[in-house]
Amino acid sequence: MKQKIEAEAERILLTNYETYYRLAFSYVNNGQDALDIVQESAYKVIKDLGKVREPDFLSTWIYRVVINTAVDFLRKRGKESVGLEGVEIPHLDHYNEDDPMELLRSLDEKEREIVILKIFEELKLEEIAQILELNINTVKARLYRALKKLRTELEPELT
Amino acid sequence: MDQNGNEKLEQLKDQYHTIPVPDFAKDRIMAGIEQGKKGRRKRSMMKFTKKTGLTAAAALFAITVMANLSPMTAKAMESIPVIGTIAKVVTFRTFEESGDNYEAKIQVPQVSIGDHSDSEANQSIADYANQLIADYENQVKQDLEGQGHYSVTSTYDVVTDNPKYLSLRIKTTVIMASGSNYAKIFTIDKATGKVAALKELFAGKPDMLSAISDNIKEQMRSQMAADENKQYSIDSRDDPEDDFKGLTGEESFYFDKDGRLVLSFDEYTVAPGYMGVVEFTIPKSVTGDIPFQ
């Protein structure tokens, strides 16, 4: 059974590494760090497989590991340098069409996570609640707030 | 959000999905997976340690049951009505693991005397095996790069099985850059289930140890005189401090089929390495008849 879970975890990691990379990237905003996070996450996932009871829960759990690793990474790095990650960038009048991440920067970390997971990765609200270990209503509220902000960005002519 | 907004959101989504992912990303994730597997093995090792009190690996271990009952003992048992204890030796477990550069195969024997398999002797044996395993794991841990090479093979055989004593010889070969051989012998007093130390054998005869030591020195000298290829750490001109001085009473020993005492020394302890593990049989003229009952 253990080997099955390990094989499944490996399969998920190798199939979805791009997703994890982009997710990591959304936190740290540079490739090198995103790669570090991805590797660290894979390591943690495999090493701690004992914590996973059900193979169905694997995918959710892996997301959680990636996010937690990214957040930890930022926290550690935040101590060394003053980055822009923790600071909310003032809203731009219109966003740079070439860089989707720039628009996401206008959201705070918690809102951004939810937008990525719900809008970009199309996960169900329930799953997102599990990944982020939040109450589903909290997830909905944050999503709503995030979309509202984005709406302001996406449709500047209406505000 | 209205139609226009939704479209733009879709656009945003597409753009997100085209964020370039470097080629290395896949390699990095594979590296992480491999590291995780190594880490997992170590963690299982530690869990097993806590559970059984023995150091072991998550690797396969096979339990083979091997009852060893020498026909001589059985016969002796028949004619001696008082002592009826039969000692059985079982391979309790085999610690086995092999990787690219590391491999270990350590058989751990367990002795049961009569109905008891809970003896002190088994604890000593287990401790010894654990030490071998710990050394092995230490090597593996220190060398995560996979550059080193370490292999340990440990087997045992029964070298004495008389009414009073059972002697297990555990032979271990460790190959690192070069090879090392160790022979550790546990001689077990069947009546008590304890490991008998050499000095205990001669508790009533305090001079016996030095008498045996002298005999060993004599044997060393005569062997060297007879064969120029043999060398022992005795009468050295260069390093007299390393010479064999005498027995401590903790040495490995057993009894051969004629009831004579045999002492076993690991490589390098009383002779240069190339001599290997050396044994000396002590004549009964020195020890007298060692009591069996």
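The legends below describe close-up views of a predicted model. Local features need pLDDT of at least 70 and side-chain atom pairs count only at pLDDT 80 or more, while totals for chains, interfaces and linings use all residues. Residues are numbered from 1 along each chain as its sequence is written, chains are lettered from A in the order in which they are written, and side-chain values use heavy atoms, with hydrogens and water left out.

**View 1. The open sheet β7-β8-β9 of chain B.** Three strands in the order β7-β8-β9 (chain B) form an open sheet with antiparallel pairing. Strands (E, at least two residues) and helices (H or I, at least four) are DSSP runs, numbered from the N terminus, and two strands pair if DSSP finds at least two bridges between them. β7 (252–255) and β9 (278–282) of chain B are the edge strands; each has a single partner, so one side of each lacks a neighbour in the sheet. From one strand to the next, the twist averages 25°. β7(B) is joined to β8 (residues 261–265) of chain B by four bridges, and Y254(B) stands opposite V262(B) in β8(B). Helix α6 (residues 208–226) of chain B lies across β8 and β9 of chain B, at about 120° to β9(B). Axes are lines fitted to C-alpha atoms, for helices over the stretch in contact, and angles run from 0 to 180 degrees between N-to-C directions.

**View 2. S252(B) in strand β7 of chain B.** S252(B) belongs to strand β7 of chain B. Its relative accessible area is 8%, so S252(B) is buried (under 20%; exposed is over 50% and partly exposed in between, with a 1.4 Å probe and protein chains only). Leaving aside neighbours within four places in sequence, S252(B) has contacts (heavy atoms within 4.5 Å) that include A183(B), K184(B) and V262(B). The side chain of S252(B) reaches the backbone nitrogen of I185(B) at 3.0 Å.

**View 3. The hairpin of β3 and β4 in chain B.** Three residues link β3(B) to β4(B) in a hairpin. Ten bridges join β3 (residues 150–161) of chain B to β4(B), and the two run antiparallel. S151(B) has I175(B) in β4(B) as its bridge partner. Eight of the eleven residues of β4 (residues 165–175) of chain B are buried, so this strand is largely enclosed by the rest of the structure.

How values were computed:
Polar contact = N/O pair within 3.5 Å; in protein donor to acceptor, adjacent residues only side chain to side chain.
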